[in-house]
Amino acid sequence: AVVSTLSGLCSSGFIAGRQAKYLLLKDALFSGTKLFLPLLFVQHFHAFGVVASAGLAATIGLLVSLLLFMPRVLPGYVPVPTLGAKLVRRAWGFSGMSYGISLIAAAPRFIMPLIVINVLGPEENAYFYVAWAIATLLFAIPTSMGQSLFAEGSHDKRKLGRDIRRATMLSGLLLIPAILFVWLLGDVVLLAFGGSYSERSIELLRILALVGLPMTFERMYFTVLRIRGRLRELTIWRTALSVVLLSACALLIPVGGLEVIGWVWLATHGAAAVAILAFRSELWTGR
């Protein structure tokens, strides 16, 4: 918990310094390390190996951020513990609400494995988790583009419309080859976890990979809401998405199995993207 909190502060520092590329590198390092460390640890430490892998991956990402990335963003930076009560009081209004929104947005990520393991059992949950972990690497692309947009848009709102279009296009250019790779070679990648994963996880992974495309439009619009300070509207969007995703999956997983998770996520995020494109012109104008 401590490492994750400090890692989040580093992410905010990268955004504030308009160097969100380091955020992408940190998240990619964390996700990649978290994905493959269990191959080393689970055999000897069993269930604790999964927890240890996540904790060690987060620690590696934090240390690299503090010692290598942050000095590039803030020249002369040295990590020294200090107390900043005045800053906390001044920022609490915006930050407190943003924290609540983040918890709502993260709910599906943390609750989905619990739903799967309770409905389908631990074996199916293992197949789900591997596909889920790989898909989150793709989801990191629109998320990172949105964070870069937040840094640039907060700095100069006059260029927000242009920045929105650039961030959306770049996200698409990165996502499309990644999705093609998953569809063509995803089963080969899954062989690293065992032959059964290549057979049981691949369909879910392929569907989840497509979710990154509509998620791009969501992330851009949600970033505009943050820049404009429209946090109540953002709370409504985030709450609606989380409730629909979790409720639909809980109801349909017993009927459709793992693949239904992918279809629910694709349909929900796709519908949100269509609504944003149809009724929220500020996505393109930044107004």
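Predicted model: local features only at pLDDT ≥ 70, side-chain atom pairs only at ≥ 80, totals over all residues.
Biologist: Let's start with helix α6 (residues 160-190) and helix α8 (residues 202-227): are they roughly parallel or roughly antiparallel?

Modeller: Their axes sit 9 Å apart, and the packing angle is about 165°. Anything over 145 degrees counts as roughly antiparallel. So the label for α6 and α8 is roughly antiparallel.

Biologist: Which hand does the crossing of α6 and α8 have, and how many nonpolar residues are in their contact?

Modeller: The hand first: the crossing of α6 and α8 is right-handed. The contact of α6 with α8 also has five polar and two charged residues, and the nonpolar count is 18.

Biologist: Which residue just after α8 takes a positive phi?

Modeller: Look just past the end of α8 for a phi of about 75°. The residue with that positive value is G229.

Biologist: On to helix α5 (residues 122-155): how far apart are its end C-alpha atoms, and at which residue does its kink lie?

Modeller: With 34 residues at 1.5 Å each, α5 should span 50 Å, and the end C-alpha atoms, at 47 Å, agree with that. As for the kink, the bend is about 30° and comes shortly before the proline P142. So the two answers are 47 Å for the ends and, for the kink, F139.

Biologist: How do α5 and α6 run, roughly parallel or roughly antiparallel, and how many charged residues are in their contact?

Modeller: The axes of α5 and α6 come within 10 Å and cross at roughly 170°, and therefore the two are roughly antiparallel. Their crossing is right-handed. The contact of α5 with α6 holds 18 nonpolar and two polar residues, and the charged count is two.

Biologist: How far apart in space are L120 and E152?

Modeller: L120 is in the loop between α4 (85-119) and α5. L120 is partly exposed, at a relative accessible area of 27%. In sequence L120 and E152 are 32 residues apart, and C-alpha to C-alpha the distance is 44 Å.

Biologist: What about A28 and G61, how far apart are they in space?

Modeller: A28 lies in helix α2 (residues 21-45) and is partly exposed at 43% relative accessible area. G61 is one of the buried residues of α3. The pair is 33 residues apart in sequence, and the C-alpha to C-alpha distance is 8.9 Å.

Biologist: Where does α3 bend?

Modeller: The 27 residues of α3 should span 39 Å at 1.5 Å a residue, which agrees with end C-alpha atoms 38 Å apart. The bend is about 45°, and the residue there is among the buried ones of α3. That residue is S65.

Biologist: Last one: are helix α1 (residues 2-16) and helix α3 (residues 47-73) roughly parallel or roughly antiparallel?

Modeller: They pack with axes 10 Å apart at an angle of about 30°, and α1 passes α3 in a left-handed crossing. Angles under 35 degrees count as roughly parallel. So for α1 and α3 the answer is roughly parallel.

Methods. Residues numbered from 1 in each chain as written. Heavy atoms only, no water. Axes fitted to C-alpha atoms, helices over the stretch in contact; angles between N-to-C directions. Helix = DSSP H or I, 4+ residues; strand = E, 2+ residues; numbered from the N terminus. Parallel < 35°, antiparallel > 145°, perpendicular 65-115°, else oblique. Left-handed = near helix turned anticlockwise from the far one by under 90°. Nonpolar A, V, L, I, M, F, W, Y, C, P; charged D, E, K, R; others polar. Expected span 1.5 Å × (residues − 1). Bend = angle between axes of the 7 residues up to and from the residue. Buried < 20%, exposed > 50% of the residue type's maximum accessible area, 1.4 Å probe, protein only.
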